[in-house]
Amino acid sequence: MRMANKLRLRAAATILAGLLAWLGTAATTVAQIAPENAGAAIQPADGDIQPEPSPPSSLPRLDTVPETTVIGAPAGVGAPGGITPASTQVNSANLTPTELGNTGSSVTVITAEQIQQRRQFTVTEMLRGLPGVDVVQAGGPGQVTSVFIRGASAEQTKVILDGIWMNDPITTGRLFDFSTLQVDNIERIEIIRGPQSLLYGSDAIGGVINIVTKKGAGKTRSSASFQGGSFGTSREGGSVSGGTDLINYSVAGSYWQNTGFSAADSHMPGNVEPDGYRNANISGRYGWTPAKNFDVDFFIRYMRSDIQTDDGGGPFEDDPNARSRTDQLFMRGQMRYVTIDDVWEQRLSYNFTNQTREFFDVVTPVAPNSINDLSHQNSQTNMVDWRHLINVHETNKLTFGAMYYVEQGTYFDNAPDFGPPTALPLQMITDPAVYVQDQVTIADRWVTTFGVRQDNYSNSGVATTYRANTLYRVPVTNTGIRGSFGSGFKAPTVFQTFTNTTFDINSGLNVGSLAPEQSVGYDYGIDQPFFDGKVVASVTYFSNSFTNLIQFVSAATPPFFGYYANVARAHSSGLEVTGLVNINDVTSFTAMYTKLQTVDETTGLPLLRRPGDRASLGINRKVLNKRGNLNMSVIYVGTRDDVYFPPPFYSQTTVMLPSYIIVNVAGSYDITPRVQVFGRIDNLTNTVYEEAYGFGTAPVSAYAGLGFNW
């Protein structure tokens with residue numbers, strides 16, 4: 001085995017050296033940026049599968065409404081190696097379409113082109129290496145995946161798809177598990193860092209991840225792809241899109257399966273059984289524009305996954321009988337009306353979600369008097385949102401609205417190892433809310449946005465939040481000086497609220513009502529372009545305070561249950577540094593670094609699974625007359641604390657996870673304008689590492705496939 005590992009490492013090193021040598025020919029030109037290339041943008045490779053531009057229409061579309069352009073606004077860093085133009089429209093930062101270079105918020109945008117360059121299957125992989133973002137996956141593909149923003153918990157990250165709130169209210173903390181979400185039909189991913197409850201209510205404490213799907217336009221276009229690779233992986237996908245001035249449509253789907261590897265770390269004793277995964281995604285976006293000032297849109301995404309799991313992380317946690325199944329349905333309908341003079345826009349929308357999770361631990365054959373473990377969770381949400389945008393003046397945009405949100409869930413757990421079966425009948429929480437925001441632009445160089453919101457959750461009462469951000473572009477140097485300040489909250493979940501009654505009955509403890517978690521945060525930074533914007537450096541300092549955090553408090557007396565209470569406080573602060581170099585129209589380079597400090601103020605210890613240092617380097621290069629593309633990313637994650645519960649007493653023990661470096665490469669080549677070959681290698685250097693203690697990660701692995709479009 002050792003000899004085999006040495007050979008694999010030697011082969012990987014040889015490949016890496018060759019790739020670096022190839023890419024290095026472009027890197028030597030960084031200091032010699034040719035004036036004639038100034039302002040050149042990275043263009044899609046000839047023959048790449050790209051969405052057609054929307055047909056001209058007198059009705060300004062949601063993602064194309066122009067904003068006042070700040071002169072000299074620099075481009076932004078996207079996924080490692082990717083550069084996002086400053087003119088890219090960002091919908092989520094202000095709820096009004098705003099150019100990326102115009103917002104005072106700290107925003108990263110990943111484009112469809114960057115997704116294609118990376119050749120990854122999931123949204124999770126596209127988020128790795130971004131400033132202020134940590135990704136933790138408890139095992140291989142399909143295992144629970146959490147995303148932390150600026151030190152806030154994964155449950156304090158709001159996830160939105162085409163305006164639909166995706167966080168699951170029946171999970172303990174209303175977490176969204178990213179493991180099921182593939183990149184099918186995605187046009188862009190927007191990451192907004194810092195408290196965002198003004199616009200998005202509960203859960204938007206650390207930040208928001210907003211995902212926008214592709215809109216069909218022009219003649220009908222179709223695509224299909226087939227790929228396979230390590231761990232018995234096969235993935236098939238396809239899409240159809242098109243549109244006219246009257247209708248538009250975009251449909252995509254995929255099926256992904258693999259035999260996997262052990263969720264519990266196979267480098268630890270007793271973990272040898274692989275855990276396979278199957279996932280199906282289908283996504284659709286449909287539009288109807290019967291009049292120039294009126295349109296209707298409908299969005300839908302369905303995801304089904306089936307995965308084998310283990311009992312946990314650490315030695316001897318293999319469980320060949322454990323598995324889980326998830327069904328998720330997200331739908332949104334929206335009507336939009338704009339007055340003839342384009343002064344007043346109204347948007348009325350209705351969202352619906354249904355998420356079901358089942359966990360099994362089936363023993364075959366069933367032993368006498370034994371009971372198979374079974375957990376069943378189901379949640380639904382309904383939301384009506386009536387939003388208004390008034391163009392008070394060409395320098396002033398007023399946004400206000402009202403929404404009514406309902407979440408409900410039911411839970412059943414039949415786990416004999418932890419006492420008698422427990423059941424939570426269908427429970428409901430409601431939240432009427434109102435919000436208002438104003439955006440002011442002065443002299444085309446100073447953009448300021450501010451607003452306030454009030455929610456009234458039926459289980460925890462009123463929560464008032466606010467936010468303000470500003471950006472000033474200095475003349476001559478085009479230096480961008482920006483800052484933001486705001487608050488966030490997280491309402492207690494269905495599970496936390498209504499299981500507290502059960503715990504109270506069982507333990508005899510006096511359990512009070514739960515209050516919302518609260519946060520206050522700010523950031524300020526500088527963006528400086530050089531060489532006509534071909535080189536951009538950015539530095540941001542941030543600070544967040546979290547109070548009233550809800551934690552489970554164990555009972556010290558039989559029957560040893562407990563309760564949830566607002567008992568914790570925490571703080572995070574740090575520095576985000578990014579740099580990009582648009583070397584020429586075929587080569588771009590990005591660098592990102594995050595310094596993070598966190599503390600649990602109730603214990604004085606750092607927050608778990610948040611590394612103090614994290615960095616990434618990326619380079620993307622178009623080759624072979626732009627018919628080929630090569631992307632490489634290097635991701636560094638520093639040391640961080642985690643916990644585990646070793647036998648025989650299973651008491652909590654803190655462990656420090658070591659730092660690691662991961663190298664990923666991806667490439668594609670257009671054989672013809674309609675046929676493309678592509679592939680990627682993950683963990684090129686075969687690094688052994690852990691994202692969460694005791695859970696497995698993939699060794700060096702390779703994937704390749706063919707794509708067709710017509």
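## Asn548 and its backbone

Let's start with Asn548, which sits in strand E26 (residues 535-554). Strands (E, at least two residues) and helices (H or I, at least four) are DSSP runs, numbered from the N terminus. Asn548 has a phi near 60°, a positive value in a residue other than glycine. With a relative accessible area of 32%, Asn548 is partly exposed. Here buried means under 20% relative accessible area, exposed means over 50%, and partly exposed is in between, using a 1.4 Å probe and protein chains only.

A quick word on the model: it is predicted, so local features need pLDDT of at least 70 and side-chain atom pairs count only at pLDDT 80 or more, while totals for chains, interfaces and linings use all residues. Residues are numbered from 1 along each chain as its sequence is written, and side-chain values use heavy atoms, with hydrogens and water left out.

## The chain as a whole

Stepping back, the chain has five helices and 35 strands. Of its 710 residues, 56% count as buried.

How much of the contact count comes from residues 24 or more positions apart? Among contacts with a separation of 6 or more, such pairs account for 66%. A contact here means heavy atoms within 4.5 Å.

## Strand E35 and its partners

Now for strand E35 (701-709). On one side, E35 pairs antiparallel with strand E12 (residues 221-229) through seven bridges, and Gly228 stands opposite Ala704 in E35. E35 also runs antiparallel to E34, with eight bridges joining the two; there, Ile681 stands opposite Ala702. Two strands count as paired if DSSP finds at least two bridges between them. In general, strands of a sheet pair through backbone hydrogen bonds, either parallel or antiparallel.

Ser701, Tyr703, Gly705, Gly707 and Asn709 make up the covered face, while Ala702, Ala704, Leu706 and Phe708 make up the uncovered one. In the loop between E34 and E35 you'll find Asn683. Asn683 has a positive phi of about 50° although it is not a glycine. Is Asn683 buried or exposed? Asn683 is buried, at a relative accessible area of 2%.

## A five-stranded open sheet

Elsewhere, five strands form an open sheet with mixed pairing, in the order E5-E10-E11-E8-E9. Strand E5 (106-111) and strand E9 (164-165) are at the edges with a single partner strand each, so one side of each has no neighbour in the sheet. The partner of E5 is strand E10 (residues 186-193), and the two pair in the antiparallel sense over six bridges. Val109, for instance, stands opposite Glu190 in E10.

The loop between E9 and E10 holds Asp184. Asp184 counts as buried, at 9% relative accessibility. Apart from neighbours within four places in sequence, Asp184 is in contact with Arg235, Ala252, Gly253, Ser254, Asn281 and Arg301.

## The loop with Ser659

Ser659 is another loop residue, placed between strand E32 (653-657) and E33. Ser659 is partly exposed, with a relative accessible area of 36%. Setting aside neighbours within four places in sequence, Ser659 is in contact with Tyr636, Val637, Gly638, Thr639 and Arg640. Ser659 and Arg614 are 45 residues apart along the chain, and their C-alpha atoms are separated by 9.3 Å.

## The second largest cavity

The count comes to 15 cavities of 30 Å³ or more. On a 1 Å grid over the protein atoms alone, a cavity is a set of points where a 1.4 Å probe fits but cannot get out, and lining residues have an atom within 4 Å of a point. Grid points are joined across faces, edges and corners, and a volume is the space filled by probe spheres set on the points.

The second largest cavity has a volume of about 690 Å³. Its lining has 44 residues, with Glu125, Arg128, Gln137, Tyr689 and Glu691 nearest the centre. Which element gives the largest share of that lining? That's E6, with five residues. Elements that each supply at least two residues include helix H3 (123-127), strand E14 (247-261) and strand E30 (628-637). By class, the lining has 17 nonpolar, 17 polar and ten charged residues. Nonpolar covers Ala, Val, Leu, Ile, Met, Phe, Trp, Tyr, Cys and Pro, charged covers Asp, Glu, Lys and Arg, and the others, Gly among them, are polar.

Key: 1 Å grid on protein atoms, 1.4 Å probe; cavity = no way out; pocket = protein on both sides within 12 Å on 5 of 7 lines; lining within 4 Å.
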